[in-house]
Amino acid sequence: MYSSNAFANHEQVSIFYDEATQTKAIIAIHDTTLGPSLGGCRMFPYGSEQDALDDVLRLAEGMSYKAAMANLPQGGGKSVIIGNPHQDKSTEMMLAMGKFVESCGGRYIVAEDSGISVSDVKTMASVTKHAGGYSAHHRYDGAEHDGNPAPATAYGVFVGIKAAVKYKLGTGLEGLTIAIQGAGQVGRRLAQHCINAGARILIADVYAPSLDELAKNPNVTVCDVNDIHAQTCDVFAPCALGGAINRDTIKDIRTRIIAGAANNQLAEPAIGDMLTKKGILYAPDFVINAGGIIDIHHQTLQSSASAIRAHLEQIGDTLQEIFSESAESGIATSDIAVNMAKYKISSGKR
Ligand code: NAD
């Protein structure tokens, strides 16, 4: 484990096996300087145990930076269950996972991630006090809230896109073209926010039914999944999988801004510098997509809608700070954001 490329001095990594339910899970706690670690549980049929370990280590580290940059009194952690969520999941497995979370004594707070739903977290919460993102009193916009953080994530990304557009183009979103890769929980809500702000949407998804509703809107054009990243646009918003910006795709990208929800958008750190050199403004993913953990944090406090919204709006201010520092120093926005997060953690600042 210590030799894993993803090991970044994590405080604690726990490996769990429950024979009765065949639950194989890992919890990685990266850093708790700023508070208990918070991060979703991902269920995925990893090709190997090493793949699962690398993924959870990398994701937990990212959560530390995300929480720090979102000004949350939280640290970074993550968990994974090795298995296919469509075939292997059971209520008993979720209860076993909940007990595993409880055994960390509050140093790790679990929430949903890919393969784990709000109702799964609810099941875990029946056996652990340390779960979030399954019940809420208020949503940022005053609408009913079932605990799903995706609406807050989408709004946070929308706030971030507005900040990036104002910084780079000096305008609002009216009349701009925004290309969105992925019309899932976040992508389709983001599209709606941008349409409401007067933008034109280009969108693609590998799962065609996700696009049915949006395709009825005259301001939406459905594109091929293989070249959504290559569309001429003002903003490209990766909202599907990680690694959307890599050495292959960067050659085709014709946008002025990249700002989206996906985690780990840059396939490797060096891509950040390549984007700067191309004059493309990149909104670091773990800063712009922090709406979900901001929402989960406020769910535990039972905050008012206006308090949650005000916190989500801070995403724009933080990005503005990163953009300015990047322009002054010539250092890529992605590197500036990591440095800022590390500084906040090391100095124990909130
Ligand atoms: P989701 O699974 O609901 O949606 C992802 C969508 O992307 C799916 O509709 C899927 O069919 C589509 N997709 C997959 N591969 C694609 C491809 N190659 N091209 C186009 N579409 C493709 O997930 P989500 O909750 O909307 O999250 C989107 C991204 O944002 C993920 O990377 C997630 O980790 C990240 N994120 C989500 C949240 C949240 O609150 N949901 C918070 C932070 C980060």
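**Figure 1. Surroundings of I201 in the predicted model.** Apart from neighbours within four places in sequence, I201 is in contact (heavy atoms within 4.5 Å) with I178, I180, A191, C194, I195, N219, V220 and T221. The model is predicted: local features need pLDDT of at least 70, side-chain atom pairs count only at pLDDT 80 or more, and totals for chains, interfaces and linings use all residues. Residues are numbered from 1 along each chain as its sequence is written, and side-chain values use heavy atoms, with hydrogens and water left out.

**Figure 2. The nonpolar cores.** A nonpolar core is a set of buried Ala, Val, Leu, Ile, Met, Phe, Trp, Tyr and Cys residues joined through side-chain atoms within 4.5 Å; buried means under 20% relative accessible area, exposed over 50%, and partly exposed in between (1.4 Å probe, protein chains only). The largest such core holds 65 residues, and I161, I178, I180, L190, I201 and I203 have the most contacts inside it. Helix α4 provides the largest share of this core, 11 residues. Because domain 1 (12–64 + 76–125) and domain 2 (150–347) both give residues to this core, it lies between them. A second, separate core comprises 19 residues, including M43, V101, C104 and V121.

**Figure 3. The two domains.** The protein is divided into domain 1 (12–64 + 76–125) and domain 2 (150–347), with bounds that come from an automatic or database domain assignment. Their centres, taken over C-alpha atoms, are separated by 26 Å. To the contact, domain 1 contributes 11 residues and domain 2 contributes six residues.

**Figure 4. The second largest pocket.** A pocket is an open set of points on a 1 Å grid over the protein atoms alone, where a 1.4 Å probe fits, with protein on both sides within 12 Å along at least five of seven lines; lining residues have an atom within 4 Å of a point. The second largest pocket contains about 150 Å³ of space. Its lining has 14 residues, of which T276, I280, L281, S326 and T333 are the closest to the centre. At least two lining residues come from each of α4 (150–169), α7 (270–278), β11 (281–282) and α10 (305–329); helices (H or I, at least four residues) and strands (E, at least two) are DSSP runs, numbered from the N terminus.

**Figure 5. Position of D54.** D54 is found in helix α1 (residues 49–69). Its relative accessible area is 25%, and D54 is thus partly exposed. Not counting residues up to four places away in sequence, D54 touches S4 and A6.

Technical notes
Points joined across faces, edges and corners; volume = space filled by probe spheres on them.
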